[in-house]
Amino acid sequence: MKRTLGTCYYPEHWPEEIWQQDAARMVEAGLTWVRVGEFAWSRIESTPGDLQWGWLDRAIEVLGNAGLQVVLGTPTATPPRWVLDKYPDMLAVDENGNPRKFGSRRHYCFSHFGYLQECRRIVTLMAERYGRNPYVAAWQTDNEYGCHDTTISYSDAARLAFRDWLRARYDNIEALNAAWGNIFWSMEYNSFDQIDLPNLTVTEANPAHRLAFHRFSSDQVVVFNRAQTDIIRVHSGTPIAHNYMGKITDFDHYDVGADLDIASWDSYPLGFLEDRVGAAPDQQVAYARQGDPDFQAFHHDLYRAVGAAKGNKPVQEGRWWVMEQQPGPVNWAPYNPAPLPGMVRLWTWEAFAHGAEAVCYFRWRQAPFAQEQLHAGMLRPDSQDAPAIHEARQVRDELVEAPEVQSKQAPVALVFDYVSEWMWKVQPQGQGLSYFTLVLDTYRALRRAGLTVDVVPLRPDAFSGYKAVFAPGLMYLPDAVKAALTQSDAQVVLGPRSGARDADFVMPHAPLPPAIPGLDVTVSRLETLRPDMPVALDGGGAITGYLEEIEGTGDVLLKTGAGTPVALRNGHLTYMAGWGDAECMDRLIARIGADAALTIRKLPTGLRTRDTETERFWFNHTTVPIEFEGFSLPPAGVLRIPLA
Amino acid sequence: MKRTLGTCYYPEHWPEEIWQQDAARMVEAGLTWVRVGEFAWSRIESTPGDLQWGWLDRAIEVLGNAGLQVVLGTPTATPPRWVLDKYPDMLAVDENGNPRKFGSRRHYCFSHFGYLQECRRIVTLMAERYGRNPYVAAWQTDNEYGCHDTTISYSDAARLAFRDWLRARYDNIEALNAAWGNIFWSMEYNSFDQIDLPNLTVTEANPAHRLAFHRFSSDQVVVFNRAQTDIIRVHSGTPIAHNYMGKITDFDHYDVGADLDIASWDSYPLGFLEDRVGAAPDQQVAYARQGDPDFQAFHHDLYRAVGAAKGNKPVQEGRWWVMEQQPGPVNWAPYNPAPLPGMVRLWTWEAFAHGAEAVCYFRWRQAPFAQEQLHAGMLRPDSQDAPAIHEARQVRDELVEAPEVQSKQAPVALVFDYVSEWMWKVQPQGQGLSYFTLVLDTYRALRRAGLTVDVVPLRPDAFSGYKAVFAPGLMYLPDAVKAALTQSDAQVVLGPRSGARDADFVMPHAPLPPAIPGLDVTVSRLETLRPDMPVALDGGGAITGYLEEIEGTGDVLLKTGAGTPVALRNGHLTYMAGWGDAECMDRLIARIGADAALTIRKLPTGLRTRDTETERFWFNHTTVPIEFEGFSLPPAGVLRIPLA
Amino acid sequence: MKRTLGTCYYPEHWPEEIWQQDAARMVEAGLTWVRVGEFAWSRIESTPGDLQWGWLDRAIEVLGNAGLQVVLGTPTATPPRWVLDKYPDMLAVDENGNPRKFGSRRHYCFSHFGYLQECRRIVTLMAERYGRNPYVAAWQTDNEYGCHDTTISYSDAARLAFRDWLRARYDNIEALNAAWGNIFWSMEYNSFDQIDLPNLTVTEANPAHRLAFHRFSSDQVVVFNRAQTDIIRVHSGTPIAHNYMGKITDFDHYDVGADLDIASWDSYPLGFLEDRVGAAPDQQVAYARQGDPDFQAFHHDLYRAVGAAKGNKPVQEGRWWVMEQQPGPVNWAPYNPAPLPGMVRLWTWEAFAHGAEAVCYFRWRQAPFAQEQLHAGMLRPDSQDAPAIHEARQVRDELVEAPEVQSKQAPVALVFDYVSEWMWKVQPQGQGLSYFTLVLDTYRALRRAGLTVDVVPLRPDAFSGYKAVFAPGLMYLPDAVKAALTQSDAQVVLGPRSGARDADFVMPHAPLPPAIPGLDVTVSRLETLRPDMPVALDGGGAITGYLEEIEGTGDVLLKTGAGTPVALRNGHLTYMAGWGDAECMDRLIARIGADAALTIRKLPTGLRTRDTETERFWFNHTTVPIEFEGFSLPPAGVLRIPLA
């Protein structure tokens, strides 16, 4: 399959007269894909039942005729105002009990049955009409599930659906009371109908209650999405995607992915750096025009895994795209700088290096009205070329001689699991401690060591073929996974908090965690620490934020200055009892890497690399030239070297 | 007209026995004016319809007999509790949907028709009774419109009134949808009755929606105020004022001013410095006991312009007062220090230097009860002299030989417009970027250069007679104003963001902004920057926070270290493409000043100057003596030099 | 009475099979007391009226048979879910108007009459059943009144009860209007039924209104608690306690204490340091594993006074316990480190040094489920010994030869009064200024000087027998107390803000405060200051945050660098006109101490001392050894020296 480019286009925003010229310019710029339709419901059906397909028929015809392939989005992320007239209680409700009103987008609660029916209706109509359209080569369901914190809703609809979900999970209320430990503080229920959502409690709600609500909320997204894929598949044989948003972890992307053919995500490196990476101020300045050097790559690897979820394929077989690629300044971060020249090209090639099939720029032309006026496009609002289109053309030319989509299994696996993410959210125990960040910190360290990494799900069959498996912070570790790790041929690094809770958020205690066969480690106590209280390690580096006291035997790979063990190894299993800083993690990875026969390189600041089947890529994420191993890379430079 | 002093007095707070003595002491202290009545509704009408005018009759009589002139306030800022019994839904509603309850003041929604009728009734009664009273020499409507964020209300009354306002503005819903670009995200409405207020939306509401709500909310204040002035003018021939509050920009003061004879404002230099100037911590410490050296002066110049709004007079003809002058520590800022000795005198003379007719100290005697117990007065609660009265007496003596109220047109105009303020609020694009602050930063730079400045409204006829016109940040620039600037004889400095949006918040794009005749500049892209990411300029200074990429021709007055143009001149028109820091602005003003034949002085830190028709004033805002141009000024010193 | 140890035990959390073994291990560890029952309502009465006493009977039997004495808690802090079915409006309501929902604990409004009746019912049943049980040796009412900000509720029930409370206090609405100064801003009421709770007002509510609501809210706790003690006393002759929580000041603990026999409090030194002490970051790091060196001691001394409230006994006769002692990391602070080894012992001995009868560790075994999974116990979740039990055993052994409970009157009294705490909350006048912190700062200074201190209530009879009395920040100072201080033989230090308001929050002004007989000081003006604006004193130290201008005569003990008086003495009365920093306070105490014939020692950082009748204790709160006066104390060291 060829590596391809694309864009997101809103024919409904522009006079029909210019569609043809737009299409021609897209083709000229080397684009293959054009996504349309996902926000257009009010033009498809401006009043209930009055379907206006004509304009969309013509738009698809114009684009297809020009040689483009259309990704058709279902418009359910932006129900028109009249839908709210029909279902006044369809809105999600925020943590404080306020309905989240009409006037922007994503104004619906996933648990509202009436709205779900409304979605089934419009998706059926759309699939019937375009399911066999020769130009429609892929579908996208909805848009950015969970964006703007929309996964979790405290609505009446959610409350009722949550009770049903609990009934199905626990069967009887005594079982729920027992599983949650509700005797603590006399929280025992007499019936499922007494259970409320876990917001606005006097002090924190039972973590079991909160975890269940996270699981439920995630499942509601899965059900909502599946309602659409079920319909589309009846009418269309083309692949279905969803465009996930960066660092949205309130629902399980693997679960949603199991119903999709392609995972895609929306990559906004500068917006993310300012808005959600959580980097230190000096890093924010250093990468302000380039974006975080690992955040996008991590998502690329994550979505390769999500793209493999359907049928539980090996992650290297995962199909994935960047559905929306930042092309210039955006409008929604605290600060919105312009990218360093060359970064749009770098971001594009980086996606291909991680196995992307397509990179689509959002959006074709900057819109002069409404919420995203200051979100750059490939064209300016006056239809002149914006800087991004020049870099897209460069990639177009470079793609001519580049190989097709490639991925191979990486030597190193890094586990990312949504349940553990929710568990840390429910019980961080220390301010700011986040599973996502712990995994990202591990990923950064692996990348600083020049390693190519697969992100893998928490499944017993996910670890085979790797030289090393890193599985930090997995608070919930099913027995089958423990067994798989115990039996793995890889060097396995677990901890901290491995297996600290069961599926219902109770601490296993006979014996205490992690209770992993083959690993003689017991966490006897844990503590969390202020950021200004690092615990120095013997030999360099420190533990910050989170530290366990462990009992056990084995090789002490890392210990504190006072001599207490921090990383303890039994055979191929290593338990890491704290949150290491960069130097600590570099030391750990050097040691594990040596034992796993990995090639460890200490990369210069901001240089990153990745191998595909036949290529080695190098990326310079900094604003200065980098010399390394005989080559030189300018700022924003990309180097692609064929592998022997 | 003589320069006069006054105070604010609450006879209803004190035993009738001491009114006469109070009045005598006011006269002794050199006061001319005494404001009464604005919070007294519950004593005028303690239960519905039971009017008790006697005490107020006597109070006015006592004050008038002593030789004082009364400013009579309408009491509508503090409706008694029984009014709420009558109209339980009269309260404003905050952004989160909570009614803003009775128990302090300003507890009403401007859009509530019942309360408006109630105001008409009490104002009619008051105007009938006192309209011809010989001692009532001026009126004040309500008190501090908009204080405590009370302009904007999300009440049901506001929602209904907003729909009516939109109907009147757009006539039909298709026009509104088109003007707002509601096709974006399928936000199109089928009828005006579907339009809600733009709070609590899932993510940001359409900026067009938000701007319209700002315009509407401002208009509601205008309507409310006009209802009172219409009534008062039937019964009284004396001038009508309103006392605006510092840095309240949620309604258009020029529009309200068009119905008033005198603009007045309430000047609390120390409270403002702590609470709303937004100065850096070192400035907060340096000026903690003196107040910001430019904030008050800017408001003086602004309210001179507002005072000229009735009949669109030239700003130098604007009538304005300080209705409330801070006399000592206040009670409402985060910290409430005492003024440096001499500052009450300095503040008073500064107001006169900017053309004030009167400066009234708030309040006569510190109240020992209720919300403002720790707000200083001219007297202590035990009726002893407080420090302020001594400084007032000094001004009284100094006024004897000083000229009368004087103002002349300044050589420099600085535009301040409320619509642009709302537009920046709606779309700052970078955290903390504020139009008000941009204008204030420009004003500071002009003052550091020793210039006397007029603040002027955004009107085509506002620019004649000036040597230089500064118009930063005017996101909405009507064609007639563009034409006036193009044809001006002055050096005109525009940008950034000039003409970036139309009246409905759509970006003009054929051509792109600023699209000013005679100025060959196009803003091709813009970016916002973290505060720790200044972009250094070639030759000194930097751009901080906001920077545009411009295309065009002309003289490059300022450019970045990388050589991209930042200030570009075509003839008398200069476009400034970013937010300059102090050094940048000093350089720009030096250059423009030279070309405009202005006298530029680089003033020492904290020294400020202003010219009236026949006087040059110097003010030392610092805690140390200043030597400059042959004179020496002690801390808090004031120097008045007759001009030849 | 012997000094004793104990623990908190939840038999309902564990299989009945292990109760006996648990009891035996408690006895082995040297424990005397075991608290049970306070969260067990849903197991006592799982559905309305279905009482299940059997398990509790057996648990008490097992524990008692093992030799333990039981403290039986009433279960009213955690009403089961079915109680909410019965009284859906029983929940407290937060400041924003949201009900504080079921799902954790303390989910009730003190003003809800139905819930109060429900409490009377369950307490009656419990008292009838266990009132004469030989193993039940003490009672605890409810649990941690006010924890999680639960004293103050904005519910409908509270609104109605507040109106009744106001009727009882003021009799007629005119009296209330006059007392509150409601004429200010026309806030006058026509009837009590118009009075709302003081939340969600447009700007701050009348401080008189807010203070009244604080007084009312406190009284509701007293009434609620008394309802339980009245019932228990009918059926039981054993002492009744309540376990207060650290730094909960929303209700008057002396008032609640007047109905109890023993005061107890829950001491979490590490949790408090992170969560509520408010120490500077460097102190947070320095004491992260030891807790603040004065915060616990202050509470010990406070609760000795609260324990003496019944019958207004001298504070040295106050009976008090630590009902819950932190044994290891907790789960609820922003960060939760482990204690320095030895600190559990130190904390225990420190309580005994301050006169505690018992120290009970919370909890026996760490719970693997629900909200406090990461709260350490004496046992780990797997029933192995946790570190705390070893330190408890050490104390057990040390107690064998130690004297019994001892207390004597200290040479120095420090007044702590809840009304002044509320008054400063209502009107801090400067951000962050808190009465509690002012008193704690004074206490710290007294402790740094090596003094043993009694905390005393604000009662005329509370001061006799002391060499020095410190009474900072008492905004409300009844005449009888003023008289007692005037007539005292002690050196008395008053100010700042002494007597600044009357009981209804009006400023006395004829004359101005403090108006203390024998003290020629008048506060003519006050100011508050940014933390970065200290006012340096002549001779060292500074005033920070709060400073008064005073007029008067006498000896100037402290003055500013500019020469204005800060501490002024008339005979034995000294007025302190500002908030002194540590050096200032050390100087003041050295001077007062000399005149009061106190022995002043300047203790090394982190060393603290206290005298009982026959012992002098020394405590090393630091992580390094301390040498002082010929002895050496290791980190966390405790030294007990018999006094001659």
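1. Which residues in α5(B) meet which residues in α8(B)? On the α5(B) side they are Y115(B), L116(B), C119(B), R120(B), V123(B), T124(B), A127(B) and E128(B). On the α8(B) side they are F224(B), A227(B), Q228(B), I231(B), I232(B) and H235(B). Contact means heavy atoms within 4.5 Å.

2. Ground rules. This is a predicted model, in which local features need pLDDT of at least 70 and side-chain atom pairs count only at pLDDT 80 or more, while totals for chains, interfaces and linings use all residues. Residues are numbered from 1 along each chain as its sequence is written, chains are lettered from A and ligands numbered from 1 in the order in which they are written, and side-chain values use heavy atoms, with hydrogens and water left out.

3. The α5(B)/α8(B) geometry. Helix α5 of chain B spans residues 113-130, and helix α8 of chain B spans residues 207-235. Helices (H or I, at least four residues) and strands (E, at least two) are DSSP runs, numbered from the N terminus. The two pack at an angle of about 25°, with their axes 9 Å apart. Axes are lines fitted to C-alpha atoms, for helices over the stretch in contact, and angles run from 0 to 180 degrees between N-to-C directions. α5(B) and α8(B) are therefore roughly parallel to each other. The classes are: under 35 degrees roughly parallel, over 145 roughly antiparallel, 65 to 115 roughly perpendicular, the rest oblique. The crossing of α5(B) past α8(B) is right-handed.

4. A second pair in chain B. The axes of α6(B) and helix α7 (residues 173-180) of chain B cross at roughly 90° and come within 9 Å. α6(B) and α7(B) are therefore roughly perpendicular to each other. F162(B), L166(B) and Y170(B) of α6(B) make the contact with A175(B), L176(B), A179(B) and W180(B) of α7(B).

5. A pair in chain C. Helix α13 (residues 343-353) and helix α14 (residues 387-399) of chain C cross at roughly 40°, their axes coming within 8 Å. α13(C) and α14(C) are therefore oblique. Their crossing is right-handed. From α13(C), M343(C), V344(C), R345(C), T348(C), W349(C) and F352(C) take part. From α14(C), the partners are A388(C), E391(C), Q394(C), V395(C), E398(C) and L399(C).

6. Symmetry. A rotation of 120° with 0.0 Å of shift along its axis puts chain A on chain B, with an RMSD of 0.0 Å. The two copies are thus related as by a three-fold rotation axis. In chain A, the C-alpha nearest the axis belongs to N96(A), 5.4 Å from it. Superposition is by least squares on the C-alpha atoms of residues with pLDDT of at least 70 in both copies.

7. Salt bridges. Over all chains the structure holds 164. The criterion is a side-chain nitrogen of Lys or Arg within 4 Å of a carboxyl oxygen of Asp or Glu. One of them joins R121(A) and E45(A), at 3.0 Å from N to O. R121(A) lies in helix α5 (residues 113-130) of chain A and E45(A) in the loop between α2 (41-44) and α3 (54-65), so the pair ties together parts that are 76 residues apart in sequence. R121(A) is partly exposed, at 28% relative accessible area. E45(A) is buried, at 0%. Buried means under 20%, exposed over 50%, partly exposed in between (1.4 Å probe, protein chains only).

8. A longer-range bridge. D294(A) and R608(A) pair with their closest N and O atoms 2.6 Å apart. D294(A) sits in the loop between α11 (281-286) and α12 (295-307) of chain A and R608(A) in strand β20 (residues 607-611), so the bridge ties together parts that are 314 residues apart in sequence. D294(A) is buried at 0% relative accessibility, and R608(A) is buried at 6%.

9. A bridge in chain B. R530(B) and D532(B) meet at 3.0 Å, N to O. R530(B) is buried, at 12%, whereas D532(B) is partly exposed, at 38%.

10. The network. Salt bridges that share partners join D292(A), D294(A), E350(A), D441(A), R444(A), R447(A) and R608(A) into one network. E350(A) is in helix α13 (residues 343-353) of chain A and is buried, at 1%. Not counting residues up to four places away in sequence, E350(A) touches P293(A), Q296(A), A297(A), H300(A), R447(A), F619(A) and H621(A).

Terms used:
A crossing is left-handed if the near helix is turned anticlockwise from the far one by less than a right angle, and right-handed if clockwise.
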